[in-house]
Amino acid sequence: MTQNSPLLLTDDDVLRADVQRLAAAAGVVPDVARQATEALRGWASASVVLIGADRAASMARLRPPRRPGVHVIGTGPLADQLFRDALACSAETVAELPASETWLVELLTDTADGAAGAGTVIAVMGGSGGAGATTFAAALGEASARLTPTLLVDGDLLGPGVDRVLGMEDAPGIRWDALLQVTGRLSARSLRDSVPARGGLGVLSWPADRPRSLPAFAVRELLSAAVRGYGVVLVDLSRHADAVTDEILARSDHVVLVSTLTVPAVAAATRTAARVPDGVRRHLVTRGSPVGVAPEEVARVLGIPLLVAMRDQRGLDEAVNLGAGPSRSSRGALVRAARTVLDSLVTPVAESAA
């Protein structure tokens, strides 16, 4: 068996030919096993496992080790027993060809890209209005893109727009409205090839005519494809409670809360921080001079570790207004703070993926 290649288990010559044809369209060559015992040799190392309907029962009897990326495929009407066998094989999907051909090509295309679904999702939230979370998310995106392919997602309908902060509002590519038309599984390669990009940074933002809301399925598909196609996924997230914000928070690995150093801002940040689900690692970035509350005191009140205390940066508004982006000055306080955060949250991921 070839390391990290797709594995196909089937003794059905018609199904094998169909899968090999679709694999060729995706640019991969699957290893083929005709017997369940033969498939076990490549079970753990395969990038994805495709079990033919004709071999699902025999594989189920072997009770293979649980692993992600297992799918059962067949042609024609699928028997009810097939779904029970799929559960025993830890399969994520039971798919019927030819109806699921597009889905299978996209799945195998992600395999060809080497997408492993290991991207880190970091949500950036303002503790209160005017905290500067969008600008900080944009600076994080620019800095992260120098380490690993990065997608910056605008998840705040009422925000200024990360594309405008970066000076990319006129860059060609799809916006959120295009993803609302997607049905089925979203390909990581399609996402990377479609969003506006500059260097290693892709940006998903809003169209000029913003929708009133996003359906949860669009958010789920976007994040699922993003972690398969990017090393880091950053989300500029609204602090207001809604279904989209809750969906993204639940799927985040880290939440970076940005707060200014006034008593009202800290009071608002306390309420915002309380909405982050248990199990999501929280981090604090403070902005401004400590005229009201010291950064360490904010961290104590919120119960969140302080990553960096960032001073205001002179000339930042001018740089953003000119379309130069927040990182025009490589020595500015914003860039230094972004690098500090990335050293803690992203650099180990980027190094392990290299």
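Mentor: An axis here is a line fitted to C-alpha atoms, for helices over the stretch in contact, and angles run from 0 to 180 degrees between N-to-C directions. The model is predicted, so to speak of a local feature requires pLDDT of at least 70 and side-chain atom pairs count only at pLDDT 80 or more, while totals for chains, interfaces and linings use all residues. Residues are numbered from 1 along each chain as its sequence is written, and side-chain values use heavy atoms, with hydrogens and water left out.

Take helix 12 (residues 263-273) and helix 13 (residues 295-302), whose axes come within 10 Å and cross at roughly 35°; helices (H or I, at least four residues) and strands (E, at least two) are DSSP runs, numbered from the N terminus. The crossing of helix 12 with helix 13 is right-handed, that is, the near helix is turned clockwise from the far one by less than a right angle. On the helix 12 side, Val266, Ala269 and Thr270 meet Val298, Val301 and Leu302 of helix 13, where contact means heavy atoms within 4.5 Å. Sorted by class, this contact has five nonpolar residues, one polar residue and no charged ones (Ala, Val, Leu, Ile, Met, Phe, Trp, Tyr, Cys and Pro are nonpolar, Asp, Glu, Lys and Arg charged, the others, Gly among them, polar).

For a second pair, turn to helix 6 (residues 133-144) and helix 15 (residues 333-345), which pack at an angle of about 65° with their axes 9 Å apart. Helix 6 and helix 15 are therefore roughly perpendicular to each other (65 to 115 degrees; under 35 is roughly parallel, over 145 roughly antiparallel, the rest oblique), and their crossing is right-handed. Helix 6 contributes Thr135, Phe136, Ala139, Leu140, Ala143 and Ser144 to the contact, and helix 15 contributes Leu334, Ala337, Ala338, Val341 and Leu342. The classes in that contact are nine nonpolar, two polar and no charged residues.

Among the strands, strand 10 (residues 232-237) contains Val235, which counts as buried because its relative accessibility is 0%. Beyond its neighbours within four places in sequence, Val235 touches several residues, including Val121, Val153, Leu223 and Ile248.

Technical notes:
Buried < 20%, exposed > 50% of the residue type's maximum accessible area, 1.4 Å probe, protein only.
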